[in-house]
Amino acid sequence: MRSILPAALALLAACAGPSQSAGGDPPPTSGQPPAAEQPPANGGQVSVEVVQGTASSSGGSEQNARAEGGGGTVVIRGVATTPTPCHKLAGTTERSGNRVTVRISANTDPETMCIASIGAIPYTATVRGLSAGTYELRVEHTYPGTGWETASVLETQVTVR
């Protein structure tokens, strides 16, 4: 057993990669923070987080959105008209140059029994990962599996600082 212990320790040390030995110099760095700490570059990963408010029944005319650019983000506040008040909202983003499209999807919950009335669901969507600049923003509401057509609810310019 003693003969394989030194070999196992040597293998472990080799797998661990370079390390700083006592009195040795640390590995060289590029002067840049690690990738996770760097701000996204122009063309980087853009994401959206949707927070859904309390749904209510609606006459169907409440569909809207407005947007405001800020420090590294765009905040969209809107109301999605849905086939029932029991839908759950989720968001996706698509970016092409300075054009950003945010899609707010109203998804049915097959586990939930719901009244048959048009719903109005308020939401706040926060878009992250945009570098400073001016963007053409488009917000769409989509209704997968319902037969409802996609609604374009906002086209505007926003400035991210």
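Q: What does R138 form with E140, and how far apart are the closest N and O atoms?
A: In this predicted model, R138 and E140 form a salt bridge, with the closest N and O atoms 2.6 Å apart.

Q: Are those two buried or exposed?
A: Both R138 and E140 are buried. R138 has a relative accessibility of 19% and counts as buried because the cut-off is under 20%. For E140 the value is 10%, which also counts as buried.

Q: Which strand does R138 lie in?
A: R138 lies in strand β8.

Q: And what is R138 in contact with, leaving aside neighbours within four places in sequence?
A: R138 is in contact with R99, V100, T101, V102, S152, L154 and E155.

Q: What kind of contact does the side chain of R138 make with the side chain of E155?
A: The two side chains make a polar contact, at 2.3 Å.

Q: Back to E140. Which side chain meets that of E140 in a salt bridge at 3.0 Å?
A: That is the side chain of R103, and the 3.0 Å runs from N to O. This pair links distant parts of the chain: R103 is in strand β6 and E140 in strand β8 (residues 133-142), 37 residues apart.

Q: Is R103 buried or partly exposed?
A: R103 counts as partly exposed, at 25% relative accessibility.

Q: What does E155 form a salt bridge with?
A: E155 forms a salt bridge with R99, and their closest N and O atoms are 3.6 Å apart. Here too the pair links distant parts of the chain, with E155 in strand β9 (residues 151-160) and R99 in strand β6 (residues 99-107), 56 residues apart. R99 is partly exposed, at a relative accessible area of 34%.

Q: Which residues do salt bridges that share partners join into one network?
A: The network joins E94, R99, R103, R138, E140 and E155.

Q: New topic. How many disulfides does the structure hold?
A: It holds 1 disulfide. C86 and C114 form it, with their sulfur atoms 2.0 Å apart.

Q: Is the link of C86 and C114 left-handed or right-handed?
A: The link is right-handed, with 85° about the S-S bond.

Q: Where do C86 and C114 lie?
A: C86 lies in the loop between β4 (73-82) and β5 (88-96), and C114 in the loop between β6 and β7 (119-128).

Q: How do C86 and C114 count by relative accessibility?
A: C86 counts as partly exposed at 23%. C114 counts as partly exposed as well, at 31%.

Q: What about confidence: what is the mean pLDDT of the protein?
A: The mean pLDDT is 79, and 71% of the residues reach 70 or more.

Q: Where is confidence lowest, and where highest?
A: Confidence is lowest in helix α1 (residues 4-15), at a mean of 40. The highest value is in β8, at 98, and β8 is the strand in which R138 lies.

Q: Over which residues is the pLDDT below 50?
A: The pLDDT is below 50 over residues 1-43. Beyond near neighbours in sequence, that stretch has 10 contacts in the model.

Methods:
Residues numbered from 1 in each chain as written. Predicted model: local features only at pLDDT ≥ 70, side-chain atom pairs only at ≥ 80, totals over all residues. Heavy atoms only, no water. Salt bridge = Lys/Arg side-chain N within 4 Å of Asp/Glu carboxyl O. Helix = DSSP H or I, 4+ residues; strand = E, 2+ residues; numbered from the N terminus. Buried < 20%, exposed > 50% of the residue type's maximum accessible area, 1.4 Å probe, protein only. pLDDT = per-residue confidence, 0-100. Contact = heavy atoms within 4.5 Å. Disulfide = S-S within 2.5 Å. Polar contact = N/O pair within 3.5 Å; in protein donor to acceptor, adjacent residues only side chain to side chain.
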